[in-house]
Each structure stands twice: as structure tokens, then as C-alpha cells.
Amino acid sequence: AGAVIAPSFPEQGRTLRGGKLFLHGRAVDEPGGDLMGTLAATGLQPALLLQQPLADPRRIRRQIEQAATGGARVVVVDAVTTDDLAQLAAALLLPTAAPWLLAGSAGLARALARQVAPDAGASQAPPPPAGPVLALVGSFSPASTLQVRQVEASGTAQVVRLSAAQWLAAQRAPERCEALAAAHDALRSGHHVVLAISGELVQPFSRKPAHAMARIALPLLQDAATCVLTGGDTARALFERLGVNRLEVIGEWEPGISLARIAAPAAPGFVLKAGGFGDAQALQRIIAYFGGPRRAAMARESAPS
């Protein structure tokens, strides 16, 4: 029938009010921040905005169905709290004659899962083995940029930051060779490494820098116990390079930050994080936890006697 879009993730500080995205209460001033404007610019009209406060699920469902009857191709739904998403999820799961494409963040997925299996809870799987952490940050999101700067300022990891042009440079380009050598040395010495893209968002948008970073990072995986992937394009690029088409999600570390593994020998554990989510210390916390002294102690304690 159409698409229902709800990108809010209140547990990560991301909300939608008046069709505009907010992160920790501040308007998101980047492409896509004005969702209704973005839909208009891409020709996905007519679109309907369901604003606060959301009513009971049956009324929400009627509003969505009425929007379809009126010719709307997209219904955008404001949500500020987890209860807002719960009401929407309940509405979307009511019986309907016409299916809707559901689009949103992990916030909407969590709300739907809680409706389907309310007693399941989040799986707290054992974290990957202790050892060096390699993080790939291919997102240009301000949140990701801030997180990388925090890691660099704290000394939690060695940050290797190249511009999009440098990541895309010829294989033997000096900057890339130096970056790769530095990352290899750091990981083999037991230090954590963050690979990141510096500079502004590439216009027109291109996934090529993330794919170049993933290609360069492949030989580094053998020296890492944990690989952190920030940004959907980053994760997709690396898994495509590895020939992986299936992930086993084994738990959730923080809301929206998942643990996964792949069916490959000697592969590191993976931590998956959206580029636009998380506070300034999110990446630092991940690296410190999965590669810190606490992890080494946990590994010793869990080892068979």
C-alpha cells in the first residue's frame, strides 16, 4: 500500500518531531534532518505526517489506512518516547488487507519485537575474546566524527584518519601505505586502532570511500579480536569484501549496538553501531570494554579449569 517511516530511536536520543529529526534534543542539521522536506525533494509525494500525541493503536491504524485511501504513498510518524513507538508497533501489527513497507531505525524494530515476543528480552551473549580492537568508521555523521575525536583525545586507540580522496588513492599511495603500516604495527603490539574518513560529506554521495577502507582493512582483521563497524555502508562494504551474506546476531551490548559473528575461521567478533547514534563517548566505551583489562579478566575467569 505504501511505506510507514518512523526513524526515531529514543533510547539513543534520536526523536522525530514535526517531521524533523532531533538528537539529544537538538535539531539534526544535515541531509535528511527534515524528513518531510527530503521526501518532497525526492518526489515521494504525497506524504502524510502523523504528529504528537499518538493516540491508541486502532486509531493510528485508521489514520494510516485513511492516508492510503487518500492517495498517500508515505506516512511519516513522529515519536519522542519508547511508548510512542510501542503504540505505533501495536498499530502496525493489527490485521490489515494491504501490507505496508515499514522503514525505520532499530528503535522501531525493538518496538515491533517487544510486541511479538514481550517476554523474550535482549540476549546477553558472551562478548568476543579479549584482544586488540579494530574500528572502522566510514560514516560522515557528526555523531561519528565526535566519537572518533573523543577516542583520539582520550588515547584509547590509535586513530588513522585519511580523507576520502586518500582512501581512494592508488594502492601504493604514500599516505595509505603509511597508514596501513601504522595500523598493522599498533594491532600487533596489542594496541587498538580506529580507521576513519576525515573531511566533509562527499558530494554527490558515494559509498566508494567506505568500500576502499574496507578493502584496506581486510588484512588487519587477522590481528584483531574485535572489529567495530560504525555506519551501515561501512558494515556492508566489509562483509561484501569478506563474501559474507549472513550474520549471526548473538546479543545487544547497549540499545542499538549489536554483537555478531560470522561463519569463518579465525574471524574476529563484530560490534555493529549506526553512524548517527550514540553519545560522544560511545565508541570509546566499546573499545575500552571489549579490549580493556576488564575483558582480559573476564576471559580468564570463564576459561575452563
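One term before we start: buried means under 20% relative accessible area. Also keep in mind that this is a predicted model.

Now the rings. How many aromatic pairs does the count come to? It comes to 5. Here is one of them. Trp-253 and Tyr-289 have ring centres 5.5 Å apart. Their planes sit at 40 degrees, so this pair is tilted.

Where are these two residues? Trp-253 belongs to strand β12, residues 248-254. Tyr-289 belongs to helix α10, residues 282-291. So the pair ties together parts that are 36 residues apart in sequence.

Next, accessibility. Trp-253 has 21% relative accessibility, so it counts as partly exposed. Tyr-289 is at 15%, which means buried.

Tyr-289 also pairs with Phe-290. Those ring centres are 5.0 Å apart. The planes are at 85 degrees, so this pair is edge-to-face. Both Tyr-289 and Phe-290 are buried. Put together, ring pairs link Trp-253, Tyr-289 and Phe-290 into a cluster.

Arg-17 lies over the face of Phe-22, 3.9 Å from the ring centre.

Last, the backbone. His-24 is not a glycine, yet its phi is positive, about 55 degrees. You will find His-24 in the loop between β3 (20-23) and β4 (26-27). Ala-266 is not a glycine either, and its phi is positive at about 60 degrees. Ala-266 sits in the loop between β13 (257-261) and β14 (269-273). Is Ala-266 buried or exposed? At 78% relative accessibility, Ala-266 counts as exposed.

How values were computed: Residues are numbered from 1 along each chain as its sequence is written. This is a predicted model: local features need pLDDT of at least 70, side-chain atom pairs count only at pLDDT 80 or more; totals for chains, interfaces and linings use all residues. Side-chain values use heavy atoms; hydrogens and water are left out. Rings of Phe, Tyr and Trp (its six-membered ring) pair if their centres lie within 6.5 Å; planes under 30 degrees apart count as stacked, over 60 as edge-to-face and the rest as tilted. Helices (H or I, at least four residues) and strands (E, at least two) are DSSP runs, numbered from the N terminus. Buried means under 20% relative accessible area, exposed over 50%, partly exposed in between (1.4 Å probe, protein chains only). A charge sits over a ring if NZ of Lys or CZ of Arg is within 6 Å of the ring centre and within 35 degrees of the ring normal.
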